[in-house]
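Please have the structure open in your viewer, with the sequence beside it, and follow the selections below one at a time.

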Amino acid sequence: MDHAADAQRTDLMTLTRHVLNEQSKHPEARGDLTILLNHIVLGCKFVCSAVNKAGLAKLIGLAGETNVQGEEQKKLDVLSNQVFVKALTSSGRTNVLVSEEDEEAIFVPEKLRGRYCVVFDPLDGSSNIDCGVSIGTIFGIYMLEAGKAGTVDDLLKAGTSMVAAGYCMYGSSCTLVLSTGEDVNGFTLDPSLGEFILTHPHIRIPEKGKIYSVNEGNAKNWDEPTTKFVEKAKFPEDGSSPKSLRYIGSMVADVHRTLLYGGIFMYPADKKSPNGKLRVLYEVFPMSFLVEKAGGQAFTGKQRALELVPKKIHERSPIFLGSYDDVEEVKELYKQYGA
Ligand code: AFP
């Protein structure tokens, strides 16, 4: 990035301006998605500010509750969830919400109801909060038929029916990556303006990468295709250079790097967790949507990730996503081992 040139720029493409431009390509659009996205952006700005102040404000620490997955909830998880639920509900554009932090789906009161359903993880990677590692918010958006009161079944659909998805990473800078169905664009929060500015237009994931990203501590329980893929990454049979291993343990940060630099991120099934760890609705689907829109692939070990139809709102699935050729190699291995 040319910082000197950036400082001179006067024509800033803000996220709102970008979304309005996208909206103008659809004359039938009434601006509802734009309004909804503005409320999501507000939630992201609030959480970004809370994450930055967490150490000072003594927000770090256990809230003394556990979430539906039996994991310890941190205060920031609780706060972020409340912020997003309120921001989404008050937008007047949402209908059914599913949050990682709430066991049951949330049905928006009739007077505030709109056409969109939102699935989200308000603060993913929260076990990294205490050591200042990047964490993030992940979201996916579905649209209901006009006038319909939504049900949970409206969300138990293939990921291909999502209309938009994105994430916001709270890292050394606050970056929001969004796709409303066409391309993928990245925006960085300018704290002095309080605006997300387009800094990564038309993100395309390199066709093949030099990085693999996985929790290798689980290797003893992996299936054969995963084991073989990682072995080939370290000891290539074709004389090429070995791949580098990078694993943060925070999906938003690992996927963000994968989108920009290429490579593969995986959370495979293993003997202890046959469905992997990551949740379909608010981790696997939104990230798979973004990776596909950026030219990559996302595979569960059995099928294209976005074609999976979850049976429960908090269902988990194994996931391999990233550069097209790297995921293709995983698919070949699953074919070969008949797994
Ligand atoms: P936490 O929210 O409990 O930190 O989990 C983060 C996460 O859901 C996802 O962001 C990571 O990719 C993955 O779990 C890391 O899992 P492992 O710690 O098992 O590698």
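Begin by selecting His26, Glu28, Ala29, Leu33 and Tyr116, which lie nearest the centre of the largest pocket among the 19 residues that line it; keep in mind throughout that this is a predicted model. The volume of this pocket is about 500 Å³, and the elements that each contribute two or more residues to its lining are helix 2 (15–24) and helix 3 (32–57).

Next, colour the strands of the open sheet, which has five of them in the order 12-11-13-15-14, with mixed pairing. At its edges you will find strand 12 (244–245) and strand 14 (297–299), each of which pairs on one side only. Zoom in on strand 14 and strand 15, which pair in the antiparallel sense over three bridges, and show Ala298 together with Leu321, its bridge partner in strand 15.

Helix 5 touches strand 11, strand 13 and strand 15, and its direction makes about 145° with that of strand 11, while helix 8 touches strand 13, strand 14 and strand 15, its direction making about 30° with that of strand 14.

Finally, which residues of helix 5 are buried? Select Pro225, Thr226, Phe229, Val230 and Ala233 within helix 5 (residues 224–234) to see them. Looking down the axis of helix 5, you will find these buried residues within an arc of 130°, so they line one face of the helix. To see what covers them, display strand 11 (211–213), strand 13 (264–267), strand 15 (319–322) and helix 8 (324–336), which are included in that cover.

How values were computed
Residues are numbered from 1 along each chain as its sequence is written. This is a predicted model: local features need pLDDT of at least 70, side-chain atom pairs count only at pLDDT 80 or more; totals for chains, interfaces and linings use all residues. Side-chain values use heavy atoms; hydrogens and water are left out. Buried means under 20% relative accessible area, exposed over 50%, partly exposed in between (1.4 Å probe, protein chains only). Helices (H or I, at least four residues) and strands (E, at least two) are DSSP runs, numbered from the N terminus. The arc is that of the directions from the helix axis to the C-beta atoms. Contact means heavy atoms within 4.5 Å. Two strands pair if DSSP finds at least two bridges between them. Axes are lines fitted to C-alpha atoms, for helices over the stretch in contact, and angles run from 0 to 180 degrees between N-to-C directions. On a 1 Å grid over the protein atoms alone, a cavity is a set of points where a 1.4 Å probe fits but cannot get out, and a pocket is an open set with protein on both sides within 12 Å along at least five of seven lines; lining residues have an atom within 4 Å of a point. Grid points are joined across faces, edges and corners, and a volume is the space filled by probe spheres set on the points.
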